[in-house]
Each structure stands twice: as structure tokens, then as C-alpha cells.
Amino acid sequence: MTTEIYLDANATSSVLPAAIAAAAFAMREGYGNPSSAHACGVKARAMLDAVRHSAQRVLGVGPGRLLFTSGATEGIQTAVLSALCAIRARRQAGLPVGQYLLYGATEHKAVPESLAHWNDLLDLKLTLRALPVDGDGRHDLAALRALAPDCAMLCTMAANNETGSVSELAAIEAVLLASASTAYWMVDSVQALGKLALNLCATRIDYAPFSGHKLYAPKGVGMLYVREGSPLTPLMMGGGQEGGLRSGTENMSGIAALGAVLAALEDGHTFRSHAQMTGMRDRIADALRLALPGIVFNTPFAHALPSTLNFSVPGFASGELLDLFDAAGVRVSAGSACSSAKAAPSYVLEAMGLPAWRCGAAVRMSFGPLVDEAFIDAACARIARCGAALRAAALIDSEQGALRDAGLIQLGCDGACSWLVTDPDSGSVIIIDARAELCARIATYVRCQRYRVRAMLDTGVDSGGAAARASLRHLLAGQFDHAASADANGWPDVSEPIMLGDATLADGLRIGARVLVRLGAGPGAGISYLLGTCNDGRLDAQDVQFAFTGAGMLPGGLDDAMPIATLRSAVQRLATLMHGATLLCPSHDAQQRCCSTLATEAHGRGALAGLLALQPRLAGAALPAMDGVMQLDAGALARFLATHPDAQLIDVREVYEHAAGAAQTLGGRTARNVPLSQLAAQLAHWLSAPQRPLVLYCRSGKRSARAAQLLHRLGYQNAWHVTGCIAQAGAAELAIAA
């Protein structure tokens, strides 16, 4: 793969070649100040006026005004300030103004935040209120009818940036007219340019902001339409540019580039038509349906922009799908790019009343009207590759069995953890703490790997455990080792007695060469399970590799609902049955720490530290490193590898990302893949071996940072993390061979 497929045009677009040429010409030949009276200034003024006239034609400005701005945010600020200043003047004149600042519940956050900001600064004390939307993302017209008579300002979108849902602007206008509302009306038109027909002067819209970089112009240039007669208060005062309504020397290169885009809109052949884009969207949708069974599109195509697809896939978080597509060279986003760094469900989809799993798993694909059929061909091929990668990784059903991975797999959902103990030789798996949200994924994985289920167990910390086990038993019918009855936590009646390190007996389940032992921690403390190598029916402390812990042993914290005496008893007994480096695998991991050890907890600051401080075997354990982690940027990486020939490169991306992408080397060296979901299985080996330098990396650097921080916490101080490795492929000398 030598090219990327960019499907995030709603966030920003590439720059039209003609726009680049126009910007270069403006900087080279039209560099004069449009306010200057000499020839260079007159030349620049003529260029400025020509672009304005083109914009007026494209947008249907008519007798209205059109200002050049730095982008949509400035346009929104100017519109809101202008309307609120006029509302204040009306109120001071004793005229009715209404009480509500009404905005669509799915508006870009810039709108309600601007309303709140200027409402506060102007001390208007108006009430901000969100106008509800229906399940298609369209405004609730009945609610608008009820609120319109008391509305001071109304803010809606022409089309939503996340879902592509197109607003019923004509119906909204009809409500305003029928109610004789005096409210000022702003329509965020950022996603409309080049995608929807615009004739603004024929509408009641007072303000319409636009942003150039959403349609092949560079960032830093935009426009604001103001209807004839609507109030306009300058946001910036100074040199009197833009007729005194927007001071500041004009961004001539940006305006010239925007002019080239507007000219392309006028020529009628540079950009694809609405019908052509609709056909392209449908092709992408068909490819997605084939690649991702169960996919749900979050906006009906009949009510959406032809260039936008917003979807969710059962069993997959949006971040996982983003990683998958990115590995295949397909650039997509989870909702709005402005908020993609925030790990939160889409507020747009929540406002539409969609189920929580769809709101938290949404992915957006968007393209611009410049793409051609060859681009769509390539996009569909990459999407198919992503589907094949998920099948190869046993994450969606496939007739072809996947290669089995030995060891331990961690799956997470909303801070809760499910664990799969796998053994390829015996073809067995034990499922611990299944979560309802993960049942479909677990079942698919077990089916595709053709595992037999040895047991499904709970640590007793989740009231939904029984329901999840019942769901899995239905989904995996016929794949269980036995039909024996089980207790309330799933422990089967076919276990065998195992001698523990303190000479007591406990129930055990064999899984290949290892044994899983059940420990009752006492009333209210749940169940813990020890996994290790059993010798002659005995599991000694030094042979316990993993402990799956219930409510009494959350790494780094304390279950506040548990009596301290119960906790102390549970923790201190566990400390006698395992060694300081036994990995604690929690049932909850809200802080994304993956796992811990007793030694780490004994020296930590959490509630367990005090309970473990007097344990003699732990008192002398090595103090773990601080949570800080050594980082390498692209430049430092090459120097580090040159001076550390024994360094091991560790790629923590998941198996499906490798299947979707291509073979990789970093700095000329081949990396070893240790997926973050399987990191716990590898930690036991690293912690027991000499500490050779480990250099961890992933797609963006976030997951490798988590892995390196974990190693440092557990005492492995020779772990390094590469910041933004794959995203900075050129600087990091990342070689990709398809």
C-alpha cells in the first residue's frame, strides 16, 4: 500500500490544485494590500472583489452582505454577537425579544458555547435551550412551534458534520413565519457548500457561516453571509477592512484559493454532482455491509448528505475500527474531528436517541465532490481488506479457522474486563468475567478458533454475569467440554482437588499443562482464581503466574463497599499463595492499567499498600519504577537503535491491524508483535528474564505509552515508548512493504 484513502473530508479536505496555484499567484503577483491606492493595491483589490462576486453568485447572496472571515468559528461568533447585541437594543427600547436562545441538539459545540459566552458577557440572562431532534437527526418541528413565539435567536445546521443529516430548512422557516417569530436565525452552512443547492437570499436565514477548508480551500479562510437588514456588529475593529465590518488585513492568498474553489463550483464539471456522489456513497455502503456483518447506519441515506456515512458495528468500539482502517491506509474518524480525542459517546447520536452501544461505537466516513470512481474502487478494496483482516483474527465469523494464540487475552468494555485463558494444544478456553457487551465477540472468537469451552466463570463482582454466561451458552451451543452442572459463579462439578502453597486443598480445572484453582475470598469478597503450572497435584506460590481477582483485589484501589476486615483477610491469604510478581488480572480496569502485581501494590499508594506492608515476602521486593516512561521521538529512535543493538522492537497493535496492513520494519529492524490485548501473557516472561531494552510502538503512540507505563510500574525500567511512530512514518524511517 503506497497511497492512503482519505475518507475524513467532513473534518478537512486536501487543497484543490487550482487553489494552490491561485494562492501562490496571490503571494507572488498579488501581494499588494487591497487597501492601498497604488497599482499593486488596486490589483489586489480587483482580485478580492472578483472572489466576492463569485461567492455572491454561488451562495445566492442577492442584496445581502458577504464578509471574508478566518473560518466558521469566527463567522459563528460574529453572527451570535450581532444577534445578541440587537436583542439587547430591542429590550432596552421596550420591545419584546423572547427568552430563549434556541439551538439544535446536534449543533457543533461552537454554537452553544458561543451563545453561552456572549449571553454571559452581555449579561442578557437569556435561557439556552436545546431543540430536540428525532431518530433521523432532524429537528423536532412540534417543539419548535411551541418555542418559536418566545425565541430570541435560533441556531440550526444545514447538514450535520457527524451524521450528514440534512435539516428541513424550509419547514423550519415555515414555522418561524407562521408564528411571526422575530428570532434571528443562524444556519451553520459549513457542510452545505458544494453538496447542497444554496440560494440564501430567497430564505429567511439571517446568518450563514462557511469554512473554506471543508471544501478544498486552505485552512484560515471562510465567509459569513448576512441577510439584508439583519444587524451586524463587528467582532474585530481596527483598520476598517470589509467595509468596516471585519477589520484586519485580508488573507489574500487564502481568499484567492477560496476563489478557485468557487470558480470550480461555477464551472459545473470539476466537482461530482449530487447523483454521482449518491452512487459513490452507495458503493461504499455495499462494501461495508460485506466486510462488517451486522453494520448499522446511523442516519437514513434518504435524509443525509450523499458524501457522509455514519455507522456502528456490534461488538466493536469506534477506536478499534479506527485502528483497523488506519492500518489499511483508510483515514476515517469517530464523530467530529474536534472531539475525537475525547473518549466519550457521540453527543449527536445520543441526542438522536440511539442505543448506547451505537453512540459509543460510531465511525464516520466522508468524502468530497472531487473524488472519482477510481478512488471509490480503491476505497472499496481497502474496506474488503479490513473485513478479511477481522476474519483472519477471528473477530467476525469465517469458515476458515484462524491460527490459535496461546496464553491469555484481555477484552475491555467501559472499564470492565473479560479474560480468555486459551490453550492451543488441547483446543480449550476458559472464559472469566464475561460481559454482556462482549458476548458476541467472545462467541465469534471461540467459534472461529474452534475452541472447546472448559468453563465460564465469574469473580462475583458483576450482577450481570449469569445473564452473560447464559447468552454465551446459547451462542456457543455444542462447544462445551461437558454438560455438568455449575454453581452460581459458573464453576463446574468436574473439578479436581489441588494442593496449594499453604498446604490447603482447593478445587482445580486443568487446561492443557496448566491448572486454574478457585479461591473463595469470604463473604462479600467474591471469588479469585489462580492460574499456574501444577506439579504432582500441587500449585506452589512460585508457580502461580496469574490471579483473576474479584471485588477484594482491584489493582491500585479498594472496593469501598467491602468491610475492611474481609478485604484484609482476602488480600493477605492471596499474598501467601502467590509470589510478588504474580500478575493480578482485574475484573475492572477503569484506569486502563491492564494488570498489576502484589509487589507493585505493596509499594504503591492505594488501599492495598497498607494491607500488604507487613507481608514478609513482599517487604524486600524490588520497588517498582515511577509511572513516568522514557520516550523516543523519530530522531531519537534512530540514535537509540544505533547505540542499543540488543533492543527488541515491540509493536503493540492488534492482530487484525497487522492483517489489514502490511509487513513493517522500523529503523531497518523487524518488530515483534505483542498485541495490547495479549500483553499480560507476555509480561510474565519479560519480568522473569534479564531486562533487555524494549522499544514499544503502535499507530499513534497512545497504546505503546500505556504498555511502557505498565512495564515501569511492574519494575521493568528498560522499556521505551516511541511517540507517534506510524503517524510520523517518514521521519521515523518506517518501511512499508505491501
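1. Helix 8 (residues 274–291) lies across strand 9, strand 10 and strand 12 and runs at about 20° to strand 10. Helices (H or I, at least four residues) and strands (E, at least two) are DSSP runs, numbered from the N terminus. Contact means heavy atoms within 4.5 Å. Axes are lines fitted to C-alpha atoms, for helices over the stretch in contact, and angles run from 0 to 180 degrees between N-to-C directions. The model is predicted: local features need pLDDT of at least 70, side-chain atom pairs count only at pLDDT 80 or more, and totals for chains, interfaces and linings use all residues. Residues are numbered from 1 along each chain as its sequence is written, and side-chain values use heavy atoms, with hydrogens and water left out.

2. The three strands under discussion form an open sheet in the order 9-10-12, with antiparallel pairing. Strand 9 (296–297) and strand 12 (363–366) stand at the edges with a single partner strand each, so one side of each has no neighbour in the sheet. Two strands pair if DSSP finds at least two bridges between them. Strand 10 (residues 308–312) is joined to strand 12 by 4 bridges, and Asn-310 stands opposite Arg-364 in strand 12.

3. A further open sheet has 5 strands in the order 25-31-30-26-29, and its pairing is parallel. Its edge strands, strand 25 (630–632) and strand 29 (672–673), each pair on one side only. Strand 25 pairs with strand 31 (residues 719–722) in the parallel sense over 3 bridges; the bridge partner of Met-630 in strand 31 is Trp-720.

4. Which strands does helix 19 (residues 634–643) lie across? They are strand 25, strand 26 (648–651), strand 30 (694–697) and strand 31, and helix 19 runs at about 100° to strand 25. Helix 22 (residues 702–713) lies across strand 25, strand 30 and strand 31, at about 165° to strand 31.

5. The axes of helix 13 (residues 439–449) and helix 14 (residues 465–475) come within 10 Å and cross at roughly 35°. The contact is made by Cys-439, Ala-440, Ile-442, Ala-443 and Arg-447 of helix 13 with Ala-468, Ser-471, Leu-472 and Leu-475 of helix 14.

6. There is 1 cavity of 30 Å³ or more. On a 1 Å grid over the protein atoms alone, a cavity is a set of points where a 1.4 Å probe fits but cannot get out; lining residues have an atom within 4 Å of a point. The largest cavity has a volume of about 40 Å³, a volume being the space filled by probe spheres set on the points, which are joined across faces, edges and corners. Its lining includes Thr-106, Glu-107, His-139 and Met-157.

Notes. 1 Å grid on protein atoms, 1.4 Å probe; cavity = no way out; pocket = protein on both sides within 12 Å on 5 of 7 lines; lining within 4 Å.
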